[in-house]
Amino acid sequence: MAKHRKDQATTGELVPFQSSADITVLPPNSGVVGKFLEDTQNMFRARSMRMKALFAKIDETGQRMEALLRSASERAEAAEAKLEDHLRGQGLLPELQPEEGSEDG
């Protein structure tokens with residue numbers, strides 16, 4: 001069974017166009033094509049505005065989340081330090097010995 005290919009190119013002869021009627025060439029932004037281009041441009045402009053608004057919300061949420069995480073981290077570190085001090089005061093943790101090699105000055 002032989003396969004028939006549709007993509008085989010056919011050769012043809014070029015014939016110059018001769019018309020007795022007057023042809024009016026309109027600019028591409030007129031008529032139906034112009035309306036389509038304008039509608040498409042407006043659609044993309046509206047989509048861009050929506051996406052910018054969504055990205056702004058995402059960015060704002062991310063910044064708030066980062067601030068909350070920083071605050072929580074600082075509070076956790078402060079609570080840990082306070083707990084260590086309390087446990088040392090109760091005698092449940094050994095007192096910190098200053099390290100010999102870490103003298104300031």
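The legends below describe several close-up views of a predicted model.

**View 1. The chain as a whole, with its one helix.**
In this predicted model, the chain has one helix and zero strands. Of the 105 residues in the chain, buried residues make up 3%, and the accessible surface comes to about 10900 Å², with 57% of that area belonging to carbon and sulfur atoms.

**View 2. Helix α1 from its first C-alpha to its last.**
Helix α1 covers residues 31-89, which gives 59 residues, and it reaches 87 Å between its first and last C-alpha atoms, close to the 87 Å expected at 1.5 Å a residue. The buried residues of this helix are Gly34, Thr40 and Arg88. After α1 comes Gly91, a residue with a positive phi, near 85°.

**View 3. The salt bridge of Lys35 and Asp39.**
The structure holds four salt bridges, and one of them joins the side chains of Lys35 and Asp39, with an N to O distance of 3.4 Å. The two residues are four apart in helix α1, so that about one helical turn separates them. Lys35 counts as partly exposed, at 48% relative accessibility, and Asp39 is likewise partly exposed, with a relative accessible area of 38%.

**View 4. A nonpolar patch on the surface around Leu54.**
Met51, Leu54, Phe55 and Ile58 form a nonpolar patch on the surface, and together these residues have about 420 Å² of accessible area. Leu54, one of the residues of the patch, has its place in helix α1. With a relative accessible area of 46%, Leu54 is classed as partly exposed, because that class lies between the cut-offs of 20% for buried and 50% for exposed residues.

**View 5. The salt bridge of Glu60 and Arg64.**
Here the side chains of Arg64 and Glu60 meet in a salt bridge, at 3.6 Å from N to O. Both residues lie in helix α1, where a spacing of four residues places them about one turn of the helix apart. The relative accessible area is 48% for Arg64, which is partly exposed, and 45% for Glu60, which is also partly exposed.

**View 6. The salt bridge of Glu66 and Arg70.**
Glu66 forms a salt bridge with Arg70, and the closest N and O atoms of this pair are 2.7 Å apart. As members of helix α1, Glu66 and Arg70 are four residues apart, about one turn of the helix. Glu66 counts as partly exposed at 40% relative accessibility, whereas Arg70, with a relative accessible area of 53%, is exposed; Arg70 falls in that class because exposed means over 50%.

At 15% relative accessibility, Arg88 counts as buried, because the buried class is set at under 20%. When its neighbours within four places in sequence are left aside, Arg88 is in contact with Leu93, Pro94, Glu95 and Leu96. The view also takes in Gly91, the residue with positive phi that follows α1.

How values were computed
Residues numbered from 1 in each chain as written. Predicted model: local features only at pLDDT ≥ 70, side-chain atom pairs only at ≥ 80, totals over all residues. Heavy atoms only, no water. Buried < 20%, exposed > 50% of the residue type's maximum accessible area, 1.4 Å probe, protein only. Areas by Shrake-Rupley, 256 points an atom, 1.4 Å probe, with all protein chains shown as cover. Expected span 1.5 Å × (residues − 1). Patch = residues over 30% accessible without salt bridge, like charges linked within 9 Å, V, L, I, M, F, W, Y side chains within 5 Å. Contact = heavy atoms within 4.5 Å.
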